[in-house]
Amino acid sequence: MESLFSAMIVLLLASFSCFTSSEALTSSNGNITIKWDLMNWTPDGYVAVVSAYNYQKQRSIPSPGWKMSWRWTRKEVIWSMVGARTTKQGDCSMFKGNSPHSCINKPTVVDLPPKTPYNQQIANCCKGGVLKPGLESAFQISVGKAGTTVKTVGMPVNFMFTAPKQQYLCGPTKNVRPTTFISADKRRMTRALMTWNIICVFNKAT
């Protein structure tokens with residue numbers, strides 16, 4: 001019994017050591033955190049602001065910039081985007097009248113250039129994909145054919161974040177505490193309907 005108990009203690013200590021080492025490695029190297037804030041519901045989906053934060057201390061995302069992709073879990077479409085665009089529209093022939101921005105199940109999104117017209121921008125967008133340490137890049141996305149409540153909406157999954165000569169590994173999409181926003185005059189506080197987080201860590205140079 002003593003030998004079994006000792007073996008369990010050794011295994012526990014070894015597991016704890018591995019856990020703290022991996023945590024320290026992640027925190028010292030930093031990460032790219034993708035935050036998906038649902039801001040309001042629409043008749044067939046929602047509008048969200050998606051932000052990528054560069055929490056890496058010494059690694060910038062250089063030109064021609066980052067690319068972000070994910071997989072929809074249902075049959076969602078992107079009706080419109082502000083501050084970014086998808087690389088392909090896909091087959092939207094089933095829609096009559098207004099055509100969505102993208103009908104691809106796994107869209108790839110890129111940032112817009114700095115000289116983008118003002119009415120196509122949001123805060124922290126349009127840097128040509130360049131993302132320096134401590135800064136963020138953001139875009140707005142209107143998603144259709146999606147759930148319209150916190151119980152029926154589906155999270156996008158299988159995120160990928162790529163950059164020139166940099167390979168990243170992204171973890172699962174997690175439902176976290178909704179983001180709180182404070183107005184410029186600091187007199188009003190609002191909150192996202194839902195917030196999803198995805199953590200991407202640098203894997204290797206390519």
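Colleague: What pattern do the disulfides of the chain follow?

Modeller: A disulfide is a covalent bond between the sulfur atoms of two cysteines. A pair of cysteine sulfur atoms within 2.5 Å is taken as one here. Counting bonded cysteines along the chain, the pattern is 1-2, 3-4, 5-6. Before the details, note that this is a predicted model, where local features need pLDDT of at least 70, side-chain atom pairs count only at pLDDT 80 or more, and totals for chains, interfaces and linings use all residues. Residues are numbered from 1 along each chain as its sequence is written, and side-chain values use heavy atoms, with hydrogens and water left out.

Colleague: How many disulfides does the structure hold?

Modeller: There are 3 disulfides in the structure. In one of them, the sulfur atoms of C92 and C103 lie 2.0 Å apart. Both cysteines are placed in the loop between β5 (84-86) and β6, 11 residues apart. The C92 and C103 link is right-handed, with 120 degrees about the S-S bond.

Colleague: Are C92 and C103 buried or exposed?

Modeller: The classes rest on relative accessible area: buried is under 20%, exposed is over 50%, and partly exposed is in between (1.4 Å probe, protein chains only). By that scale C92 and C103 are both buried.

Colleague: Where are C170 and C200 in the chain?

Modeller: The disulfide that joins C170 to C200 has an S to S distance of 2.1 Å. This pair links distant parts of the chain, with C170 in strand β9 (residues 166-170) and C200 in strand β13 (residues 194-205), 30 residues apart. At about 105 degrees, the torsion about the S-S bond of C170 and C200 makes the disulfide right-handed. C170 is partly exposed, with a relative accessible area of 23%, while C200 is buried at 0%.

Colleague: How many strands does the chain have?

Modeller: Elements are DSSP runs numbered from the N terminus: helices are H or I, at least four residues, and strands are E, at least two. The chain has 13 strands and 1 helix. Read from the N terminus, the order is α-β-β-β-β-β-β-β-β-β-β-β-β-β. Of its 206 residues, 37% count as buried.

Colleague: Which residues is V130 in contact with, leaving aside its neighbours within four places in sequence?

Modeller: A contact means heavy atoms within 4.5 Å. V130 has such contacts with I61, P62, S63 and G65. V130 sits in the loop between β6 (108-111) and β7 (136-144), and its C-alpha atom is 7.5 Å from that of S60, 70 residues away along the chain. V130 counts as partly exposed, because its relative accessibility is 27%. For the chain, among contacts between residues at least 6 apart in sequence, 67% join residues at least 24 apart.

Colleague: Where does pLDDT stay under 50?

Modeller: pLDDT is the predictor's confidence in each residue, from 0 to 100. It stays under 50 over residues 1-25, and the model has 0 contacts beyond four places in sequence for them. The chain has a mean pLDDT of 88, with 86% of its residues at 70 or more.
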